[in-house]
Amino acid sequence: MAPSMRFLVFFSVLALSPLCFAFPHPDGHLYPQFYDHSCPKAQEIVGSVVAEAVAKEARMAASLLRLHFHDCFVKGCDASVLLDSTGTFLSEKRSNPNRNSARGFEVIDEIKSALEKECPLTVSCADIVALAARDSTVLAGGPSWEVPLGRRDSLGASLSGSNNNIPAPNNTLPTIITKFKLQGLDLVDLVALSGSHTIGQSRCTSFRQRLYNQTGNGLPDGTLDAAYAAQLRTRCPQSGGDQILFPLDFVSPTKFDNNYFRNLMAEKGLLSSDEVLFTKSAATMQLVKLYAENNELFFEQFANSMVKMGNISPLTGLRGEIRKHCRKVNH
């Protein structure tokens, strides 16, 4: 289309629908400029609290990133993961994927408290979680992206959704693919987003079966490098020590990079749910190789997939609310 023609089309759209431009996305779409007028310092405030928390403890970057995943995979990105139990629902914090492992709630509280002082009842907890995930990724050396904003907060939680929808460390690849597909995420998203395991730690209880009894025959997982398995067994005993932590990426545990994919190729992925990406499907194996070779491509796809994941069933418009405290609904 010639430039002049494009301008005419644009101009006629502008003339016919002035409201679209006066009120961006009236249909409830998220967009990065959502708080530009109502709370212009919102992103700056989130960024500074996250930076302080990660400076204090490098692991916090992975914890805040993980919160966003565990939020979005249950009822959409609506901050339901932050709610404490009440008389009407049980907290998602009690689910198998979150119990004794989901963390960073105090950091979210601190951000919320600062934002409530700056612009009361304006910035949702769901948006805070999305921004904190991006800022954590950047602080760990990963890619940045514009976070579409405008999510609102849920009025309840789903313990069963948290137990059933979040991929587990011992899930088979078809199960993991299905769980991603149910959220509108494809194979490329699955492999790229799994790359978030380039930072963070996992508990002995999450991968013990790979070390001692992967398929019920009393033998370790054959797709786990024998020397690496022997090393892991020295600190992850057959019983006890459930909470002992191990880096998900032993090469560069706090740096966001593509070593995660290189580890998979060397059969040194810590979790079964990681290693199956390289051993159980030609399509996912190809993507693992691609990202192992090309860090820039991994970063680009990770950023795209995070935006896509952050767009899972958000509450917008008049649905949900803007919570005053992230751990409880307003009434």
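Is cysteine 204 buried or exposed? In the predicted model examined here, cysteine 204 has a relative accessibility of 0% and therefore counts as buried, since the cut-off for burial is under 20%. Its disulfide partner is cysteine 236, and the two sulfur atoms are 2.0 Å apart. The torsion about the S-S bond of this pair is about 80 degrees, so the disulfide is right-handed. The pair links distant parts of the chain, with cysteine 204 in helix H10 (residues 204–212) and cysteine 236 in the loop between helix H11 (226–233) and strand E2 (245–247), 32 residues apart. Cysteine 236 is likewise buried, with a relative accessible area of 0%.

A search of the whole structure finds four disulfides. With bonded cysteines counted along the chain, the pattern is 1-4, 2-3, 5-8, 6-7. One of the disulfides joins cysteine 72 to cysteine 77, with a sulfur separation of 2.0 Å. The S-S torsion of cysteine 72 and cysteine 77 is about 120 degrees, so this disulfide is right-handed. Cysteine 72 is buried at a relative accessible area of 0%, and cysteine 77 also counts as buried at 0% relative accessibility.

A further disulfide is formed by cysteine 125 and cysteine 326, whose sulfur atoms lie 2.2 Å apart. The link of cysteine 125 and cysteine 326 is left-handed, with -95 degrees about the S-S bond. Cysteine 125 lies in helix H6 and cysteine 326 in the segment after H15, so the pair ties together parts that are 201 residues apart in sequence. Both cysteine 125 and cysteine 326 are buried.

Helix H6, which comprises residues 125–139, also holds serine 136. Serine 136 is buried, with a relative accessible area of 0%. Beyond its neighbours within four places in sequence, serine 136 is in contact with Val50, Ala61 and Leu64.

The buried residues in H5 are Phe105, Val107, Ile108, Ile111, Lys112, Leu115 and Glu116. An α-helix has 3.6 residues a turn, so residues three or four places apart point the same way. Among the buried residues of H5 are Ile108, Ile111 and Leu115. At 1.5 Å a residue, the 14 residues of H5 should span 20 Å, and the end C-alpha atoms are 20 Å apart, which agrees.

The loop between helix H5 (105–118) and H6 contains leucine 121. Phi of leucine 121 is near 45 degrees, a positive value in a residue other than glycine. Leucine 121 is partly exposed, with a relative accessible area of 47%. A positive phi in a residue other than glycine is also found at serine 313, where the value is near 40 degrees. Serine 313 belongs to the segment after helix H15 (295–309) and is partly exposed, at a relative accessible area of 48%.

Under "binding site", an unreviewed UniProt entry lists Asp71, Val74, Gly76, Asp78, Ser80 and Glu92. These positions are spread over 22 residues of sequence but cluster in space, the largest C-alpha distance being 13.1 Å.

Two of the listed positions were examined in turn. Valine 74 is placed in the loop between H4 and H5. At 0% relative accessibility, valine 74 counts as buried. With neighbours within four places in sequence left aside, valine 74 is in contact with Ser80, Glu92, Ser158, Gly161, Ser162, Asn165 and Ile166. Among these contacts, Ser80 and Glu92 are themselves listed by UniProt for the "binding site".

Glycine 76 is found in the loop between H4 and H5. Glycine 76 is buried, with a relative accessible area of 3%. Apart from neighbours within four places in sequence, glycine 76 is in contact with Asp71, Ile312 and Ser313. Asp71 is another position in the UniProt listing, whereas Ser313 lies in the segment after helix H15.

Note on methods. Residues numbered from 1 in each chain as written. Predicted model: local features only at pLDDT ≥ 70, side-chain atom pairs only at ≥ 80, totals over all residues. Heavy atoms only, no water. Helix = DSSP H or I, 4+ residues; strand = E, 2+ residues; numbered from the N terminus. Buried < 20%, exposed > 50% of the residue type's maximum accessible area, 1.4 Å probe, protein only. Contact = heavy atoms within 4.5 Å. Disulfide = S-S within 2.5 Å. Expected span 1.5 Å × (residues − 1). UniProt positions renumbered as here; feature names shortened; annotations may be inferred.
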